[in-house]
Amino acid sequence: MTVPYYPWTIWIWAGFDPALIVVAVYLGWTASQFGKVFIAAIAALGFSVLFSYAVSAAGIPWPAPITRDGPTFFPVRAVAALLWAILGYGARQAVRRRA
């Protein structure tokens with residue numbers, strides 16, 4: 001059995017899933033402590049995977065689709081969720097310092 005090959009553009013789109021970005025940045029923004037950023041990332045990952053699967057199952061084109069027999073790229077999505085949540089948390093901290 002050969003390992004399937006996916007081009008790097010598919011890997012990149014998994015990290016730039018619009019649902020993942022919106023939820024992770026919002027939850028990172030609302031986190032009151034840095035430790036909560038990890039919880040925000042997990043929640044964003046779960047939501048984006050379910051949302052992407054539902055959109056793909058409905059037949060709507062999506063930049064980072066998840067299908068029953070296609071790749072999910074959970075490690076890429078998990079790291080991206082953490083980075084987007086940290087970005088949201090950092091942006092909120094920068095805004096608070098200026099105010």
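Phe38 counts as partly exposed because its relative accessibility is 41%; partly exposed denotes values between buried, under 20% relative accessible area, and exposed, over 50%, with a 1.4 Å probe and protein chains only. The model is predicted, so local features need pLDDT of at least 70 and side-chain atom pairs count only at pLDDT 80 or more, while totals for chains, interfaces and linings use all residues. Residues are numbered from 1 along each chain as its sequence is written, and side-chain values use heavy atoms, with hydrogens and water left out.

Phe38 lies in helix H3, residues 36-57. Helices (H or I, at least four residues) and strands (E, at least two) are DSSP runs, numbered from the N terminus. Together with Phe34, Val79, Leu83 and Ile86, Phe38 makes a nonpolar surface patch of about 450 Å². Patches consist of residues with over 30% relative accessible area and no salt bridge; like charges are joined within 9 Å, and nonpolar side chains (Val, Leu, Ile, Met, Phe, Trp, Tyr) within 5 Å. Accessible areas come from the Shrake-Rupley method with a 1.4 Å probe, and for residues only the protein chains shown count as cover. Helix H4 (residues 74-98) supplies the largest share of this patch, three residues.

The protein chain has four helices and zero strands, and its elements run α-α-α-α from the N terminus on. Along the principal axes, the C-alpha trace spans about 55 × 30 × 20 Å. Of the 99 residues in the chain, 29% are buried. The accessible surface of the chain is about 6600 Å², and carbon and sulfur atoms account for 74% of this area. Contact means heavy atoms within 4.5 Å. Among contacts between residues at least 6 apart in sequence, 72% join residues at least 24 apart.

H4 contains 25 residues, and the distance from its first C-alpha to its last is 36 Å, close to the 36 Å expected at 1.5 Å a residue. The expected span is 1.5 Å times one less than the number of residues in the helix. Arg77, Ala80, Ala81, Ala85, Gly88, Tyr89 and Gln93 are buried in H4. The buried residues of H4 pack against helix H1 (8-15), helix H2 (18-30) and H3.

Arg77 has a relative accessible area of 1% and is therefore buried. Asp17 is buried as well. The side chains of these two residues, Arg77 and Asp17, form a salt bridge (3.0 Å, N to O), defined as a side-chain nitrogen of Lys or Arg within 4 Å of a carboxyl oxygen of Asp or Glu. Arg77 lies in helix H4 and Asp17 in the loop between H1 and H2, so the pair ties together parts that are 60 residues apart in sequence. One salt bridge is found in a search of the whole structure.

The side chain of Arg77 also has a polar atom 2.8 Å from the backbone oxygen of Thr72. Beyond its neighbours within four places in sequence, Arg77 is in contact with residues including Ala14, Leu20, Leu45, Val49, Ser52 and Ile66. Ile12, in helix H1, is 65 residues from Arg77 in sequence and 9.4 Å from Arg77 in space, C-alpha to C-alpha. Ile12 is partly exposed because its relative accessible area is 40%.

Methods. Polar contact = N/O pair within 3.5 Å; in protein donor to acceptor, adjacent residues only side chain to side chain.
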